[in-house]
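The following paragraphs lead the reader through one protein chain, from its overall form to individual residues. Please keep the sequence and the structure in view while reading.

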Amino acid sequence: MSKINPQDLEKYGIKDAVNIIYNPGYEKLAEDEKTRGECEFTDNNTAMVDTGDFTGRSPKDKYFVKQPPSEEHIAWGDINQPISKEIYEDLFKLTTEQLSGKELYVVDAFAGASKSSRRAIRFITEIAWQAHFIRNMFIMPTEEELENFEPDFVLYNACKTSNPNYKEQNLNSEVYVVFNVEDNTAIIGGTWYGGEIKKGIFTMMNYWLPLEGKLSMHCSANVGKEGDTCLFFGLSGTGKTTLSTDPNRALIGDDEHGWDDDGIFNFEGGCYAKVIDLKQESEPEIFAAIRPGALLENVVADENGVVDYSNKSKTENTRVSYPIEHIDNHEPTLQGGHPKNIIFLSYDAFGILPPVSKLTKEQAMYYFLSGYTAKVAGTERGITKPVTTFSACFGEAFLPLHPTVYAKLLGEKIDEHNVNVYLVNTGLNGQGKRMSIKDTRACINGILNGSINDAEFDTLEVFNLQFPKALDGIADNSILNPKNSWESEEKFVEAAKDLASKFIENFSRYNDSGSEFDYSTAGPKL
């Protein structure tokens, strides 16, 4: 029986709702997805959805309402664009009119496994598969918690509508994703992509928690049998989900976490993994997670429902969401202690960075603020050769506050808990050959079991990075020095200086951020 009546939504501006489907289970969702024609199903009965024109986020259509007091905290610019209260009210009316008079799904869930840091979120949508996505990606309350559930924040998804007045309002397009911090609401229109829901709440957690002295992070996390927690930071395509999904360690979460006084906690209750070129032999845990309850996005299947994971005809950004329970070896509490190790993952397409480097505290701050990786040919339209990408804190697109706010908190926690920090390159060597998952896992294992600390280290010129000369599990230790993959030392140094200049240019934007963030001396030198 529904705990919410149509009349209950009138306080949210939604009138005459036909019916409320409240916190539906997977069986009900699958039934609705079939009868409404929203999803196809694979040969093993996993739901597949096509998200339409938008197969990724629409960052140029994301806005914050500019008003006190939040306007004093938000780092305004291309990422956090301002919108007036008046335009927001117009879009809010457009949103609620679309949702009025409809059968709606209302899902109440938590963002954050830590009871002292979590937020209660109410999601409202007219799409069954979006309710399915929400159930996968957030933490579902117990029946007892639902009895007294009061939302801290409400997200309205009106993807079936769009903004016809965007030109007059000087907005980017008919799509809108708008956050109103003071009203504790977010509205989405014009895009069906599920990731807008996920990252919308992540964005708000990145606003709330640092103002409470808690660190919010774009990272995955797992924990060993001895209780040693490890964090994996990395941008898309660096291996964050793959490398944190380890049969020998319990997965806390694959993407979004917080760090409060009690330790690490997942924001989410599920995983959202890329499945392009997915193979059972290389990523068995993720492959096995694709079963009823999971939701595949924009994949291509044959008439028998057999998915071709190598097919990129819809998008490179094919994905699957699934509840974390689909990973056999997960941490049920979605929490861990203060981390012992932090790993920064970078896909270096230029063959410069070592497969693994041990960082000083100052270098850790430098590479955290840099957030380096590279986009390679084929990952985005128009990308024909490797392009350097710097995303502060490995997630700048989702940071409402200035990056140094998060960096300051990270530095304090590294000091307080004596955390080891490493930089791992999952990209290419000087011959354009990618690091194998086997060798990368050997580097990760050396960090996790501590054997890397017994290694003899060498120093990489230009970048001044300390890398081990040998590691257990690496068949050919010569790969640990990236210079060895180049035909000459001169060509390596020339390429290293070219990449170093890009680091230096990017980091110059922090030169006016105060002396406590002057970590430029820990970066590469020309």
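Two strands are said to pair when DSSP finds at least two bridges between them. With that in mind, one may turn to Ser346, whose bridge partner in strand 24 is Asn425. The model in which this pair is found is a predicted one.

The secondary structure of the chain consists of eleven helices and 26 strands. The radius of gyration is 23 Å, close to the 24 Å that the globule rule gives for 526 residues, so the chain is as compact as a globular protein of that length. Along the principal axes, the C-alpha atoms fill a box of roughly 70 × 55 × 45 Å. Of the 526 residues in the chain, 59% are buried. Among contacts with a separation of 6 or more, 73% are made by residues 24 or more positions apart.

Strand 20 (341–346) and strand 24 (420–425) pair in the parallel sense over six bridges. Strand 20 also runs parallel to strand 12, to which five bridges join it; here Leu231 has Ile342 of strand 20 as its bridge partner. How many of the six residues of strand 20 are buried? Six of the six are, so the strand is largely enclosed by the rest of the structure. Both of its faces are covered, with Asn341, Ile343 and Leu345 buried on one side and Ile342, Phe344 and Ser346 buried on the other.

Helix 10 packs against this region. Its buried residues rest against strand 12 (229–234), helix 6 (240–244), strand 20, strand 21 (356–359) and strand 24. The residues of helix 10 that are buried are Asp439, Thr440, Ala442, Cys443, Ile444, Gly446, Ile447 and Leu448. In an α-helix there are 3.6 residues a turn, so residues three or four places apart point the same way. Just after the helix, Gly450 takes a positive phi of about 85°.

Elsewhere in the chain, eight strands form an open sheet of mixed pairing, in the order 1-6-7-8-10-9-4-5. Strand 1 (19–22) and strand 5 (81–83) stand at its edges with a single partner strand each, so one side of each is left without a neighbour in the sheet. On average, neighbouring strands of this sheet are turned by 25° against each other, direction ignored. Within the sheet, strand 6 (residues 103–111) and strand 7 (residues 119–125) are joined in the antiparallel sense by seven bridges. In this pairing, Val107 stands opposite Phe123 of strand 7.

Gln67 is found in the loop between strand 4 (62–65) and strand 5. Is Gln67 buried or exposed? Its relative accessibility is 11%, and it therefore counts as buried, the cut-off being under 20%. Leaving aside neighbours within four places in sequence, Gln67 is in contact with Lys85, Asn180 and Glu182. With Asn180 there is a polar contact of 2.8 Å between the two side chains.

A further open sheet consists of five strands in the order 2-3-17-18-16, again with mixed pairing. Its edge strands are strand 2 (40–41) and strand 16 (270–274), each of which pairs on one side only. Strand 3 (residues 47–49) and strand 17 (residues 295–297) run parallel and are joined by three bridges, with Met48 opposite Leu296 of strand 17. Helix 3 (residues 128–137) packs on the sheet, where it touches strand 3, strand 16, strand 17 and strand 18 (319–323). The direction of helix 3 makes about 115° with that of strand 17.

Glu256 counts as buried because its relative accessibility is 2%. Its side chain is joined to that of Lys198 by a polar contact of 3.1 Å. Beyond its neighbours within four places in sequence, the contacts of Glu256 include Lys199, Phe202, Met217, Cys219 and Phe267.

Notes
Residues numbered from 1 in each chain as written. Predicted model: local features only at pLDDT ≥ 70, side-chain atom pairs only at ≥ 80, totals over all residues. Heavy atoms only, no water. Buried < 20%, exposed > 50% of the residue type's maximum accessible area, 1.4 Å probe, protein only. Helix = DSSP H or I, 4+ residues; strand = E, 2+ residues; numbered from the N terminus. Contact = heavy atoms within 4.5 Å. Axes fitted to C-alpha atoms, helices over the stretch in contact; angles between N-to-C directions. Polar contact = N/O pair within 3.5 Å; in protein donor to acceptor, adjacent residues only side chain to side chain. Rg over C-alpha atoms; globule rule 2.2 N^0.38 Å.
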